[in-house]
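Thank you all for coming this morning.

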Amino acid sequence: MAKTQNFYDRITSIFFLCVGIFFALNSRRVDIGSWSEPGPGFLPFWAGLTLCIMAVALFITSLRSPGDILPAFFPESDSWKRVTATFAAMIFYALLLDFVGFTLTTFVFVGFLVRYIFPQSWTRTIIVATLSALGARLVFINLLKTQLPLGFLGF
Amino acid sequence: MELLSHMALGAEVVFTPINLLLCFIGVLLGTLVGVLPGLGPTAAIALLLPNTFSLSPVGAIIMLAGIYYGAMYGGSTTSILVNIPGEAASVVTTLDGYQMALKGRAGPALGISAFGSFIAGTISVLGLMLVAPPLAKFALAFGPPEYFSLMLMGILILIYLASGSILKALMMAVFGLLISTIGMDSISGSQRLTFGLVELSDGVGLIPVIMGLFGVAEVLTNVEQAVKQELVTAKVKGLLPSLQDWRDSFWPIIRGSFLGFFLGILPGPAPVIAAFSSYAMEKKLSKHPEKFGTGVIEGVAGPESANNSATGGAFIPLFTLGIPANSVIAILLGAFMIHGIQPGPLLISQHPEIFWGTVISMYVGNVMLVILNLPLIGLWVKLLRVPYPVLFPLILVFCVVGVYSLNYSIMEVALMIGFGILGYVGRKLRLEMAPLVLALVIGPMMEQNLRLSLVISQGSPWIFLEHPISAAFLGLCLFLLLSPFIPAIGGRRKKLQEKVEGEEV
């Protein structure tokens with residue numbers, strides 16, 4: 001499904017309008033101050049308003065002409081699955097890191113991605129996941145002394 | 001004579017075993033991340049930054065700077081051998097470099113990019129030595145209005161040079177500015193826009209944003225479809241370019257070096273812009289422009305020199321004004337601050353050992369890179385044989401560790417993932433990330449100088465026009481904003497807009 005640049009521009013303008021309103025409204029919680037004595041809310045307020053005006057301007061220009069046709073959002077029909085899975089894996093990785101510990105989480109994270117994004121054999125998956133989990137542990141925790149979480153197992 | 005004694009001081013700093021070792025680690029790691037697609041110098045610096053706290057300030061800067069220019073070397077290797085630019089700055093190198101490799105001339109292509117980078121690195125270090133001290137003296141006259149106008153001009157130059165739609169790029173810059181206001185206000189010390197999250201009180205960190213926008217977004221784009229890695233399997237031999245190669249590339253290297261240096265001073269992804277501009281220039285000056293893209297050595301020598309000397313030029317705003325020209329330099333600025341050193345016009349006179357030490361270390365680093373790069377090419381090629389399905393999970397692990405290790409905060413990792421999505425969708429919508437990052441980088445300084453200026457003038461915005469230097473900067477800003485509407489210049493700007501996506505600024 002091909003979309004035009006203008007369609008995308010309209011999405012962009014709505015997104016930025018929301019961002020602008022969000023900052024302009026929330027900056028009023030702190031002191032905006034005056035031109036001669038600008039407070040902490042001064043810049044977020046005025047920049048937020050500016051962003052709103054720009055977003056409206058972009059929306060209006062996008063209505064004028066149809067614009068170029070851009071390539072489909074996902075190049076292949078199953079691209080979205082891989083992108084979503086990678087994204088979800090990262091979220092779980094971040095969530096479990098503190099509790100389960102770096103080495104084990106990394107093993108599962110790498111294993112999952114290697115096995116399911118561009119499916120590799122189980123043998124390869126296990127080898128890569130083991131080596132990267134142990135290697136990363138050795139380099140970051142033992143060598144560089146990075147304080148990564150060790151989890152409830154202390155590993 | 002004064003220059004020589006300064007250089008001697010720098011050499012004294014660099015030629016200690018520990019600093020030489022740090023320089024070596026820096027350039028080696030830089031080359032490594034330059035080779036790996038999706039991992040840029042930012043990731044490497046983020047991983048190592050916490051480890052530099054125990055080092056001397058100059059040692060830390062030497063190592064981190066080495067990562068920056070080392071990455072430029074590494075990026076070219078992958079462009080030539082596998083047609084995958086490890087760095088955005090090496091995108092143009094794929095055009096002729098890969099073609100040369102297909103013709104069995106990978107050796108000379110790699111050789112000339114290493115030598116070209118060396119020559120360019122040398123020229124830009126010389127330029128840095130000559131330009132920075134007088135500029136720093138000039139900058140001493142700058143007050144808040146001048147700084148504000150200068151930074152505004154920096155953002156507008158970036159928007160002008162590197163973007164499709166000026167309006168959308170401006171919006172991204174304002175967005176970046178807004179993000180930079182989150183956290184503690186530097187003047188009143190009060191919290192704003194943190195929504196009660198303790199993690200946000202220090203503001204939105206630069207490193208999570210960059211690693212998200214560039215690292216994570218790059219990986220998400222790459223997992224969309226399986227890419228076939230075509231590797232030139234023939235053994236790379238004969239790295240030394242022939243006499244004819246030298247004849248063809250001598251002037252492109254010299255021109256690329258100067259072009260890169262001056263573009264490097266400008267804010268934004270200078271190495272990327274420098275490489276593209278050098279390619280365009282060589283094609284224009286060439287007697288056989290039609291051969292470009294079929295594997296001519298000028299098409300490799302010019303851009304490779306330009307992107308290397310741009311890294312040297314990028315240090316000038318840092319050393320003279322204390323303004324970071326791009327995100328890598330911004331992280332370096334952070335490193336300076338951690339060690340209690342304020343970059344700016346006073347840096348060269350107050351901490352000569354840091355300025356001259358860094359400059360000389362860049363020179364030494366360039367020599368190391370030539371020595372290192374030529375024999376290690378085989379190793380880098382082996383690294384690239386690691387298939388992407390195996391490589392990308394590791395890149396993500398590096399990103400997570402890099403961000404986490406800064407403040408031991410899962411919140412920042414979440415922030416990185418969020419910006420990863422933003423970067424991924426933004427690419428699809430044709431939004432430029434560079435203005436956002438630059439605005440985020442210099443946002444706090446801009447705000448401070450804006451508010452100080454207004455306090456000085458008691459609320460009159462005319463202060464920016466009453467100060468002549470500031471007025472000149474603003475005049476240029478106005479010109480940049482209006483010029484697209486002037487047909488003769490607007491057309492030229494269009495030509496500059498080569499497609500540079502996913503660049504790390």
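Predicted model: local features only at pLDDT ≥ 70, side-chain atom pairs only at ≥ 80, totals over all residues.

Let me begin with B:Thr78, which lies in helix α4 (residues 57-82) of chain B; helices here are DSSP runs of H or I with at least four residues, strands are runs of E with at least two, and both are numbered from the N terminus. Residues are numbered from 1 along each chain as its sequence is written, and chains are lettered from A and ligands numbered from 1 in the order in which they are written.

Is B:Thr78 buried or exposed? B:Thr78 counts as buried because it has 26 C-beta neighbours inside 10 Å, where buried means 20 or more other C-beta atoms within 10 Å of a residue's own, exposed means 12 or fewer, and partly exposed is in between, with C-beta atoms placed from the backbone. Leaving aside residues up to four places away in sequence, B:Thr78 touches B:Val35, B:Pro37, B:Ile84, B:Pro85, B:Gly86 and B:Leu384, a contact being two residues whose C-beta atoms, placed from the backbone, lie within 7 Å. The C-alpha atom of B:Thr78 is also separated by 8.0 Å from that of B:Leu36, although the two residues are 42 apart along the chain.

Stepping back, chain B has 22 helices and two strands. Its radius of gyration is 22 Å, close to the 23 Å that the globule rule gives for 505 residues, so chain B is as compact as a globular protein of that length; the radius is taken over C-alpha atoms, and the rule is 2.2 Å times the number of residues to the power 0.38. Buried residues make up 62% of chain B.

Helix α16 (residues 352-384) of chain B spans only 41 Å between its end C-alpha atoms, whereas a straight helix of 33 residues would span 48 Å at 1.5 Å a residue, the expected span being 1.5 Å times one less than the number of residues. There is a kink of about 60 degrees in α16(B), centred on B:Leu376, where the bend is the angle between axes fitted to the seven residues ending at a residue and the seven starting there. In α9(B) the kink is about 35 degrees, centred on B:Gly212, and 16 of the 17 residues of α9(B) are buried.

Turning to chain A, we find five helices and two strands. The radius of gyration of chain A is 24 Å, well over the 15 Å that the globule rule gives for 155 residues, so chain A is more spread out than a compact globule. Of its residues, 35% count as buried.

How do the chains meet? In the model, 50 residues of chain B are in contact with 60 residues of chain A. On the side of chain B that touches chain A, the largest share, 11 residues, comes from α17(B), and the residues of that side divide into 34 nonpolar, eight polar and eight charged. Here Ala, Val, Leu, Ile, Met, Phe, Trp, Tyr, Cys and Pro count as nonpolar, Asp, Glu, Lys and Arg as charged, and the others, Gly among them, as polar.

Finally, a word on confidence: the model scores ipTM 0.93 and pTM 0.88.
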